[in-house]
Each structure stands twice: as structure tokens, then as C-alpha cells.
Amino acid sequence: MQVTLPALHEKYERGEPLVMVTAYDFPGARAAEAAGVDLVLVGDSGAEMVLGYPSTVGVSTEEMLMLTAAVRRGLHDPFLIADLPFGSYEASDEQAVLTAARFVREAGAQAVKLERGNATSVARARAIVQAGILVMGHVGLTPQSATALGGNRAQGRSGAAATRIAQEALALQEAGCFAIVLEAIPAAVTEELVRLLTIPTIGIGAGPATAGQVLVLHDLLGIREGTGARFVRSYANLGPEMITALAAYADDVRERRYPAAEHCYTIDPSELAEFRTALGRP
Ligand code: KIV
């Protein structure tokens, strides 16, 4: 059954945890669908996970649209959200609405997500909501502004910083966001935010109190270079398995073990004889 906004809210009201995961392509979407997750986010983390950028800020709107459209083609039931990339919504309300509309119209997203809860992001969220597009907020560690935040590190660890995050989350809620991602903040701060907000919260490195959790697909599957953040739990170790499989293939090709007879197409001997005659072979 397709996950709709009312269905998400019903789950939230019942206190059932919401499961969200990122995806960036067709097979990732098919896997998320088969696993029965509630929400799929085409995160701009795809910049690093599948496009090889050093951070999320390099990815363009066109690239995010292509990833989102690929996910859309693989997804039926889960609710699909697309990240608005850095530089695609900050300049004006008009820019934000036009970009958000492209993700809905051209790529099939059901909602967009934008980062930060400062005055600019709140205004953009409000404008997009007023244009009839669902918006998910994102506060705490917001990787698009990691440089300004002093790197990809936990946020809200002082009373003042936690208060600022609370104000940002409330402002995004007031602007009409249907849910908010809380990233890399202390679990005790999250507990307070969850009490304060009336919309669902989705946590990543924010402890267990949120209405739902999100993980980056490649972290979850163990396909990454280096160690992930403290909050990452890997449920598989596919990176090394991919290398083992590729190395076995390379070995088989070099040792002429692949392809074997069962991988080859056949031709009727009389047709082969005709072919050889046509080539002038004896
Ligand atoms: O880009 C992303 O994957 C995200 C999640 C970490 C929430 O924003």
C-alpha cells in the first residue's frame, strides 16, 4: 500500500517508529521497497556516496534530479522525498519554489527537504509549502553548512546551541514543514525537542526519542571508505564483498575460467557451416 502523508501521521500518532533510508538509484529504491521502509530520501549525501564529491555542496540540481528520477522508477509504496541541493533554494523564495517544483514535476518526488532553520531557510520552507509542496526541515548538523559549523560534528552541545536548534525547529514547524530531521545532537536535547514539536521528527545521530530514524544507505550496507560517524550502525559489510567478487571475476578472466560453456550461446552446426563457407573457410 502506498505510504501517504495521512498514513505517516497515523503511524506517528500511534507511536509507531517511522523508518527512513536514503537511496540514489533504481536498485537502491527496489531494495528499500522490498524491505518495506516508510520513507525514502534522495539525500544530497548522494554527492559523496555515489558521485564521488568530497562534500554535499558540489552536487547540482540536474544531478539530484537524475538520482531522484531513478529512485522514483524503482519505488511504489514508500514516501519519496528529495533533498534540495546547496545553492538551489537560498537566493529567493521564487528560486526555492521553482527548484522544488522541478523535483515534484520532473522527478516524481512527493516532498522536498531543505537544510537549516535560519530566517532564510524558514522563509523558503514557507514559500514552498504555500506553493503546495510538502517540505521536510533539517536542523542540528546540516552538512551543506558544515564549514560554518566547524566540520561534520555534533551540534547543540551547549545550552545556547540547543536553544537555537529548538528555535529553528519551531520556526520550521510554524512555516508548515510536515516533519523535521534532527541530525547529530545529544539524545537528551532530542527528548526536549520531541516534547516541544507537534510534527514528526526523524533522527540521525539524535538518539532514540525521535518519531523515526534515517540512515544513509551506503553506511547501513557497509559500502564506504573509512569509518562512518559515531551514530552509524552497519547492517552488512558489502564494500569488501564487492571487492572480493570483482577480484574473483578478474582472476577467472585472466585464468580463462570465465566464460564457461554454460555462459555461451550455441548455433546450429548447419548454420555454422554456412557461415564458414560464406567466410571462405574450409
Ligand atoms: O543527505 C542526506 O542523506 C541527509 C540525511 C542524513 C538526513 O540529509
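Mentor: Arg195 and Glu192 are 3 residues apart in helix 8 (residues 187–196), so about one helical turn separates them; helices here are DSSP runs of H or I with at least four residues, numbered from the N terminus. Arg195 forms a salt bridge with Glu192, with 3.2 Å between the closest N and O atoms, where the term stands for a side-chain nitrogen of Lys or Arg within 4 Å of a carboxyl oxygen of Asp or Glu. With a relative accessible area of 61%, Arg195 is exposed, whereas Glu192, at 44%, counts as partly exposed; buried means under 20%, exposed over 50% and partly exposed in between, with a 1.4 Å probe and protein chains only.

This is a predicted model, in which local features need pLDDT of at least 70 and side-chain atom pairs count only at pLDDT 80 or more, while totals for chains, interfaces and linings use all residues. Residues are numbered from 1 along each chain as its sequence is written, and side-chain values use heavy atoms, leaving out hydrogens and water.

The whole structure holds 12 salt bridges. One of them joins the side chains of Arg102 and Glu62 at 2.8 Å, N to O, and this pair links distant parts of the chain, since Arg102 lies in helix 5 (residues 93–105) and Glu62 in helix 4 (residues 61–74), 40 residues apart. Arg102 is partly exposed at 24% relative accessibility, as is Glu62 at 47%, and a network of salt bridges links Glu62 and Arg102 with Arg105 and Glu106.

Terms used:
Helix = DSSP H or I, 4+ residues; strand = E, 2+ residues; numbered from the N terminus.
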